[in-house]
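Me: Can you walk me through this one? I'd like to ask as I go.

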Amino acid sequence: MSTEVVRHFDRIADRWQAKYFPSGSMGHRLARFTGSVGEVLPRGAQLLDYGCGTGDISFALGDFGYRVLGVDRASKMIEAAQIRSQRQDVRFERVRCSDDEVASQFGRNRFDGVVLSSVLEYVQVPAVLLRQLNEVCRDGAWLFATAPNTRHPCRWAEALVARVDRRIHPDGSRLSPYREYLRVSTTRYGLMKWCSVLRESGWHVEQIVGRYAALSMLIAKRLGGVPGSCYGQFSK
Ligand SMILES: C[S@@+](CC[C@H](N)C(=O)[O-])C[C@H]1O[C@@H](n2cnc3c(N)ncnc32)[C@H](O)[C@@H]1O
């Protein structure tokens, strides 16, 4: 994770939780994740919420009966989550290692599922992180990841604004949070590419939710050495 990404999220950490207030723009994500996880994993399963931000999705999953470890590299995000956490079933820890050492920090064969809510688009080489997340999981574990859908017109507009913005402010100065977001959120893969990157990293995509939405969710199962193709298995 680049220092620009950490700086960006540290800068906006005090405003992040408000996105989950009833009037906020991200409250719908709570039901999206609890619903998807609840379809395949029993209560009591151990989840890793990777890039948990201020922990809102971790808490929602905890309320559903899951045991959750929320982790994030931005210290101000994780501090905000830790301040809110009074419970044993939802805990938080800062990521102190690089993306290729995650299994060493969090341990192998430990989790039944991994949640990545709007994280992969900030990761320069997602395959490296996804492989590590495969290692921290047990056999039969599930992964739930949202990613910007490059087919959606709002993503084309974002790409255009980002390109123009780079021309106007090549040094990145005087950026609003939105323009800073465009500057740091740079990994944009199509859904097919996500399927193949996940597969290379030991995950088989079972379902894509929101194939035409601005933000799609990929639901994948940890491969147990059985080869297969994800193509043609889309739904909803
Ligand atoms: C857009 S925010 C999403 C936060 C939370 N998942 C949510 O949906 O509310 C992305 C988060 O991922 C974290 N992040 C991005 N890349 C990361 C990486 N390589 N390792 C750990 N955390 C990362 C950022 O610090 C930030 O808190």
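Reply: What follows goes through the sheet, the core and some helix packing.

Me: Before that, what kind of model is it, and how are residues numbered?
Reply: This is a predicted model, in which local features need pLDDT of at least 70 and side-chain atom pairs count only at pLDDT 80 or more, while totals for chains, interfaces and linings use all residues. Residues are numbered from 1 along each chain as its sequence is written.

Me: OK, the sheet. What's the strand order?
Reply: The order is β3-β2-β1-β4-β5-β7-β6, in an open sheet of 7 strands with mixed pairing. Strands here are DSSP runs of E with at least two residues, helices are runs of H or I with at least four, and both are numbered from the N terminus. Two strands pair if DSSP finds at least two bridges between them.

Me: Which strands stand at the edges?
Reply: β3 (90–94) and β6 (203–209) do; each has a single partner strand, so one side of each is left without a neighbour in the sheet.

Me: And what's the twist?
Reply: From one strand to the next it averages 20 degrees. Angles run from 0 to 180 degrees between N-to-C directions, and axes are lines fitted to C-alpha atoms, for helices over the stretch in contact.

Me: Tell me about β7. Is it mostly covered or mostly open?
Reply: Mostly covered, as 6 of the 8 residues in β7 are buried. Buried means that 20 or more other C-beta atoms lie within 10 Å of the residue's own; 12 or fewer is exposed, in between is partly exposed, and C-beta atoms are placed from the backbone.

Me: How does β7 pair with β5, and with β6?
Reply: β5 and β7 (residues 215–222) pair in the antiparallel sense over 7 bridges, with Thr-146 opposite Met-217 in β7. β6 and β7 are also antiparallel, over 6 bridges, and there Gln-207 stands opposite Ile-219.

Me: Switching to the core. How many residues are in the largest nonpolar one?
Reply: It has 58, and Leu-48, Val-114, Leu-133, Leu-198 and Leu-218 have the most contacts inside it. Strand β5 (residues 137–148) gives the most to this core, with 7 residues. A nonpolar core is a set of buried Ala, Val, Leu, Ile, Met, Phe, Trp, Tyr and Cys residues joined through C-beta atoms within 7 Å.

Me: What does Val-114 touch?
Reply: Not counting residues up to four places away in sequence, Val-114 touches Leu-48, Tyr-50, Leu-133, Cys-137 and Leu-143. Contact means C-beta atoms, placed from the backbone, within 7 Å.

Me: Why does Phe-33 count as buried?
Reply: Because Phe-33 has 22 C-beta neighbours inside 10 Å. Phe-33 lies in helix α2 (residues 28–40). Leaving aside neighbours within four places in sequence, the contacts of Phe-33 include Ile-57, Ala-60 and Phe-144. Phe-33 and Ala-60 are 27 residues apart along the chain, with C-alpha atoms separated by 8.6 Å.

Me: Last topic: how does α1 pack against α4?
Reply: α1 and helix α4 (residues 75–84) pack at an angle of about 25 degrees, with their axes 7 Å apart. That makes α1 roughly parallel to α4, where under 35 degrees is roughly parallel, over 145 roughly antiparallel, 65 to 115 roughly perpendicular and the rest oblique. Phe-9 and Trp-16 of α1 are among the residues making the contact, as are Ser-75 and Ala-80 of α4.

Technical notes. Two residues are in contact if their C-beta atoms, placed from the backbone, lie within 7 Å.
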